Amino acid sequence: MPRKRATKTATSAAPAHVPTPGLYGWITHTELASDDPVATKTWCAAMFGWTFKPSMPSPNGEYHLFAFSETGGGGIRQTHATETPSSMPVVHVADAKAAFDKALSEGAHEIMPPTRVMEGVTVAVIRAPGGVPIGLSGP
């Protein structure tokens with residue numbers, strides 16, 4: 001018997017994420033800031049065999065989500081006007097706002113306050129003592 005094709009509704013089309021409690025404290029996402037995200041995406045797929053989900057819009061252009069394992073992946077985005085191409089680890093946390101507040105109380109500096117990027121995902125970026133940028137991602 002042929003299977004019926006699922007149809008998308010307005011609510012099912014929006015990206016969403018369910019947190020993974022067993023991975024709190026792990027680097028589960030790496031963000032690559034590139035001067036040419038499409039070229040970086042093509043190279044990473046050919047070089048490392050990374051798989052990509054459909055790109056999604058972001059305030060700075062398309063965001064290319066990739067996976068390199070069942071529990072790890074990341075995204076490739078366009079660099080900002082004054083930014084040098086780079087990579088940044090993103091740590092999975094139970095509560096992005098609470099982790100951000102704790103990071104600041106422990107001596108980190110704010111780069112980007114907690115920002116909801118999709119259902120179930122809030123991200124923040126801090127500069128840890130010593131100057132290292134680290135992303136925080138969680139509900």
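Thr28 is found in strand β1, where strands (E, at least two residues) and helices (H or I, at least four residues) are DSSP runs numbered from the N terminus. The structure is a predicted model, in which local features need pLDDT of at least 70 and side-chain atom pairs count only at pLDDT 80 or more, while totals for chains, interfaces and linings use all residues. Residues are numbered from 1 along each chain as its sequence is written, and side-chain values use heavy atoms, with hydrogens and water left out.

At 17% relative accessibility, Thr28 counts as buried, a class that means under 20% relative accessible area, with exposed meaning over 50% and partly exposed lying in between (1.4 Å probe, protein chains only). When its neighbours within four places in sequence are left aside, Thr28 is in contact with Leu23, Thr71, Gly72, Gly73, Val90 and His92, contact here meaning heavy atoms within 4.5 Å.

Strand β1 covers residues 27-34 and also holds Glu31, which is buried as well, with a relative accessible area of 16%. The side chain of Glu31 makes a polar contact with the side chain of Tyr63 at 2.7 Å; such a contact is a pair of N or O atoms within 3.5 Å, of which, within protein, one must be able to donate a hydrogen and the other to accept it, and residues adjacent in sequence count only if both atoms are side-chain atoms. Beyond residues up to four places away in sequence, Glu31 touches Tyr63, Gly75, Arg77, Ser86, Ser87 and Met88.

Seen as a whole, the protein has three helices and nine strands, which follow the pattern α-β-α-β-β-β-β-β-α-β-β-β along the sequence. Of its 139 residues, 31% are buried, and the accessible surface comes to about 9,100 Å², with 61% belonging to carbon and sulfur atoms; these areas come from the Shrake-Rupley method with a 1.4 Å probe, and for residues only the protein chains shown count as cover. Among contacts between residues at least 6 apart in sequence, 51% join residues at least 24 apart.

The largest nonpolar core has 11 residues, namely Val91, Val93, Ala96, Ala99, Phe100, Ala103, Ala108, Ala124, Ile126, Ala128 and Leu136. Two elements, α3 (96-105) and β8 (121-127), each give two or more residues to this core, and α3 supplies its largest share, four residues. A core of this kind is a set of buried Ala, Val, Leu, Ile, Met, Phe, Trp, Tyr and Cys residues joined through side-chain atoms within 4.5 Å.

Val125 and Phe100 lie 25 residues apart along the chain, yet their C-alpha atoms are separated by 7.9 Å. Not counting residues up to four places away in sequence, Val125 touches Met88, Phe100, Glu110, Ile111, Met112, Ile134 and Gly135.

Side chains of opposite charge can pair when their charged atoms come close. The structure holds four salt bridges, each being a side-chain nitrogen of Lys or Arg within 4 Å of a carboxyl oxygen of Asp or Glu. In helix α3, Lys97 forms a salt bridge with Asp101, their closest N and O atoms being 2.8 Å apart; because these two residues are four places apart in that helix, Lys97 and Asp101 are separated by about one helical turn. Lys97 is partly exposed, with a relative accessible area of 47%, and Asp101, at 34%, also counts as partly exposed.

Another salt bridge joins Arg77 and Glu83 (2.8 Å, N to O), where Arg77 is buried, with a relative accessible area of 14%, whereas Glu83 is partly exposed at 24%. Arg116 is paired with Glu119, the closest N and O atoms being 3.6 Å apart; Arg116 is partly exposed at 48%, while Glu119 is exposed at 53%. Salt bridges that share partners join Glu31, Arg77 and Glu83 into one network.

On the surface, Trp43, Met47 and Phe48 form a nonpolar patch with about 350 Å² of accessible area together, and Met47 belongs to helix α2 (residues 37-48). Patches are made of residues with over 30% relative accessible area and no salt bridge, with like charges joined within 9 Å and nonpolar side chains (Val, Leu, Ile, Met, Phe, Trp, Tyr) within 5 Å.
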